[in-house]
Amino acid sequence: MHDTTVFIQWDDGHDAHFPFIWLADNDPAGFHPQTQERITDLTAISLDKTPEVIEANDKTLSIHWAGDKTVSSFDMDWLKAHRPGQNAFDPARTGFTTWRADLGADGVPRANAREIMTSDIALKDWLVATQTYGYSIVEGLADAIEAGTDVAKRIGFLRETNFGLVFEVQSKPNPNNLAYTPIALPLHTDLTNQELPPGFQFLHCLANEAQGGGSLFCDGYAIAEDLRDQDPEAFELLSTVSVPFRFHDEDTDIRNRKKVINLDEDGQVIEICFNAHLADIFDLEPELMTRYYRAYRQFMIMTRSDDYVVSLRLKGGEMVVFDNRRVLHGREAFDPQTGFRHLHGCYVDRGEFESRLRVLSR
C-alpha cells in the first residue's frame, strides 16, 4: 500500500495502483441496484479518506475505512477490468481498417437484409464490419419504401434533421439541396452545418435506371493519415482551425464551426467534417487565410484522387450504409431524361449504433 493507493498484482502478471479516492467513489454500494446509476455524493467523500484495514483474497478486496467505519467490498475481476490508466473493454470499439481505391467495389462488406432482420448474430456481424470499414452494402431489400428504414430501426432510433426523419434523393423542381438535382456531387460529409452532423447514413436504392449516377466513396480517415505523413503543416491546420458551415433556405438557417479533421486526446482521427458546398465565407485572420486555403485545397484534391475513390453503381434492392463522419460520399451526374433514379435515406447516430453493438455483445 502506497500513501494514497492500494497496489494489486494478479497471478497473470497484471497489476495496478488504485487511489483511495477512486475506491471510495466507486464503492459498489454507491450504485443504484436496478438502474446501476451512480448515487454516491462525491462531495461527501473526503479527499483525505484512508483505509484502516485492507483485506484481500483471490475474489474480493475489502476496505475498512478509517473514521466512518464503513466497509467497501470489490470483486477482484471487476477491479482488474477497470484498472486506472487503461480504458475499460468496450465491445463497440471495433477498431478501424482504413482503405483506398484498391479496395474496389468488390471489397465492400455485404450483408443480406433478411438475415439482418431475423438474426442477432447476423446483425452483430454486419455492424462490426460496417464500423470497421466505415461502410457496407445490404442486399435483398424488398421493393418497398420502408424496407431500408426498417433495417436502420433494427439498430436504434432514427436521427431527424431539417430534411425530416427520412428523405428522398431524387431530382425534383425547386430543390433546396444539391442532392435533389441531377448534377455531380463531389465527395463530402452531410450536414457539417449541424451542431453534430449525423452518424451513419442509410441510402436504399429503389430505382437507378438513369444514365450516370454512380455512387462515389472514399475513406476520410485514410486521406487524413496520408496527409499527416505527407504534409504535416496542412494536417495541423485542418485539425486545429475551425471554419464556418451554413445551410439556409426559406425555413431554416443552421450554422456551425467545424474542424475538417477531428482528433481524440491521443491524436487519433475520429471524425471528418468536409463539405465544400456548405462551407460558409471563411473568416480567418488574413495572415492565416492563405495557409489555410492551401491545406483545405490539398484535402479537396485528395478526395478526388483515383488513389482513394471507390465507385459503385447501386441496384434496386441494395442499400449502402456508411459512417457519415468518416466515409465521404458523392455522386456522378445523371440524366433524368434517360430513366428514374430514386434513393430513400435516413440517419442513425453513432451512439445508437454503438449501443446496439454493446447490447448484442452481452
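**The surroundings of K258**

Reply: Leaving aside residues up to four places away in sequence, K258 touches T192, Q194, E195, P197, V241, S242, V243, F245 and C273, where contact means heavy atoms within 4.5 Å. The model is predicted, so local features need pLDDT of at least 70 and side-chain atom pairs count only at pLDDT 80 or more, while totals for chains, interfaces and linings use all residues. Residues are numbered from 1 along each chain as its sequence is written, and side-chain values use heavy atoms, with hydrogens and water left out.

K258 belongs to strand β14, residues 253-258 (strands are DSSP runs of E with at least two residues, numbered from the N terminus). K258 is buried but forms no salt bridge, since the nearest side chain of opposite charge, E271, is 6.9 Å away; buried means under 20% relative accessible area with a 1.4 Å probe, protein chains only, and a salt bridge puts a side-chain nitrogen of Lys or Arg within 4 Å of a carboxyl oxygen of Asp or Glu. What does lie by a polar atom of the K258 side chain is the backbone oxygen of Q194, at 2.7 Å, and also the backbone oxygen of E195, at 3.2 Å.

Among the residues that K258 touches is C273, which counts as buried because its relative accessibility is 0%. The sulfur of C273 is 14 Å from the closest cysteine sulfur, that of C218, and therefore too far for a bond. C205, also at 0% relative accessibility and so buried, has its closest cysteine sulfur in C346, 15 Å away and too far for a bond. A search of the whole structure finds zero disulfides, a disulfide being a pair of cysteine sulfur atoms within 2.5 Å.

Methods
Helices (H or I, at least four residues) and strands (E, at least two) are DSSP runs, numbered from the N terminus. Buried means under 20% relative accessible area, exposed over 50%, partly exposed in between (1.4 Å probe, protein chains only). Lys and Arg count as positive and Asp and Glu as negative; His and the chain ends are not counted. A polar contact is a pair of N or O atoms within 3.5 Å; within protein, one must be able to donate a hydrogen and the other to accept it, and residues adjacent in sequence count only if both atoms are side-chain atoms.
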